[in-house]
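Here are some notes on the structure for a reader who is new to this kind of description. Please keep the model open beside the text and look for each residue as it comes up.

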Amino acid sequence: MAVTLYHWWGSTCSRKARTALAEKGVDWDSVHIDLHQFENWAPWYVKIHPNGVVPAMDHDGRIIIESNAILEYIDETFDGPELKPVNTWERANMRVWMDKSEHVLHKNMHLISHNNHHAHRWGEYAAKHGQEALMEKVRSQPDLQRRSDEIHNSDGISDEVVAFAVERVKDQMSMIEKDLERAPWITGDTFSLADIAVLPFVDRFKANGYGEEISEAKRPRLAEWFARIQERPSVKEAYSFMDPDLEAC
Ligand SMILES: N[C@@H](CCC(=O)N[C@@H](CS)C(=O)NCC(=O)O)C(=O)O
């Protein structure tokens with residue numbers, strides 16, 4: 001059995017995959033894709049992941065893409081603790097949270113992070129290789145929708161759009177707070193893929209300067225969940241994975 005994860009150290013979706021692999025105790029080989037050098041749009045990688053994003057996972061020669069599909073695949077394929085609730089209502093809620101982690105949390109966090117982090121990687125690349133080389137790279141983004149969004153956002157995202165995205169994320173934080181009234185984990189008494197899927201976006205919201213929204217004063221259950229989940233060995237392992245190129249310096 002051979003597992004290879006194509007991932008980037010700081011990517012939210014890669015953190016989801018690494019957490020599930022660690023929960024299950026799966027040994028895996030790492031192929032680090034340097035998003036700052038747009039390695040994710042290189043033809044060799046696009047053969048693996050047609051949308052040119054991370055993560056992608058290779059298990060014995062078969063490729064799995066989409067972090068939520070990867071999470072379910074890992075849970076269903078490998079031994080180790082069950083990461084889906086037994087109760088079918090809780091399991092349905094788990095899938096709702098996984099869906100929201102992608103279509104609400106990730107989507108809006110992408111907008112919130114853009115000016116601070118993503119635009120920065122573009123600026124770095126343009127400073128080193130020139131603006132035309134950067135736009136050439138952007139035109140090689142294989143996913144038509146993302147390519148159009150990237151070009152549209154290349155001058156930055158307006159304050160109004162960012163403010164709306166922040167409101168959408170706050171709304172989700174309140175929903176998590178409400179679900180945590182019922183039980184210690186998002187879908188019930190057991191840790192599940194929903195906790196894994198939501199965590200990177202709670203973490204990233206804080207990193208973007210909205211830590212107050214996860215504070216004990218504002219959302220005590222979410223604050224307690226956030227502190228507790230970071231004590232899990234799988235989370236420590238997944239989130240401490242650093243850029244191998246920086247380590248080599
Ligand atoms: N729906 C995909 C989204 C993957 C995704 O957007 N990955 C980001 C990192 S979290 C990425 O590769 N971004 C690089 C880019 O868009 O150039 C998933 O859940 O796997």
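1. A residue is called buried if 20 or more other C-beta atoms lie within 10 Å of its own, exposed if 12 or fewer do, and partly exposed in between, with the C-beta atoms placed from the backbone. With 8 C-beta neighbours inside 10 Å, Asp60 therefore counts as exposed. Asp60 is in the loop between β3 and β4 (62-65), and its phi is near 50°, which is a positive value in a residue other than glycine.

2. Two matters of record should be kept in mind throughout. This is a predicted model, in which local features need pLDDT of at least 70 and side-chain atom pairs count only at pLDDT 80 or more, while totals for chains, interfaces and linings use all residues. Residues are numbered from 1 along each chain as its sequence is written.

3. The chain holds 11 helices and four strands, where helices (H or I, at least four residues) and strands (E, at least two) are DSSP runs numbered from the N terminus. Its radius of gyration is 18 Å, close to the 18 Å that the globule rule gives for 249 residues, so the chain is as compact as a globular protein of that length; the radius is taken over C-alpha atoms, and the rule is 2.2 Å times the number of residues to the power 0.38. Along its principal axes the C-alpha trace spans about 55 × 50 × 35 Å, and buried residues make up 33% of the 249 residues.

4. How do helix α4 (residues 88-129) and helix α5 (residues 131-139) pack? Their axes are 7 Å apart and meet at an angle of about 130°, with axes being lines fitted to C-alpha atoms, for helices over the stretch in contact, and angles running from 0 to 180 degrees between N-to-C directions. The two helices α4 and α5 are therefore oblique to each other, since angles under 35 degrees count as roughly parallel, over 145 as roughly antiparallel, 65 to 115 as roughly perpendicular and the rest as oblique.

5. In this contact, Trp122, Tyr125, Ala126 and His129 of α4 meet Gln131, Ala133 and Leu134 of α5, two residues being in contact if their C-beta atoms, placed from the backbone, lie within 7 Å. The residues of the contact divide into five nonpolar, two polar and no charged, where Ala, Val, Leu, Ile, Met, Phe, Trp, Tyr, Cys and Pro count as nonpolar, Asp, Glu, Lys and Arg as charged, and the others, Gly among them, as polar.

6. Helix α5 also contains Arg139, which is exposed, with 11 other C-beta atoms within 10 Å.

7. A cis peptide bond, with omega of about 5°, joins Val54 and Pro55. Glu66 lies in the loop between β4 and α3 and has a positive phi of about 75° although it is not a glycine; Glu66 is partly exposed, with 17 other C-beta atoms within 10 Å.
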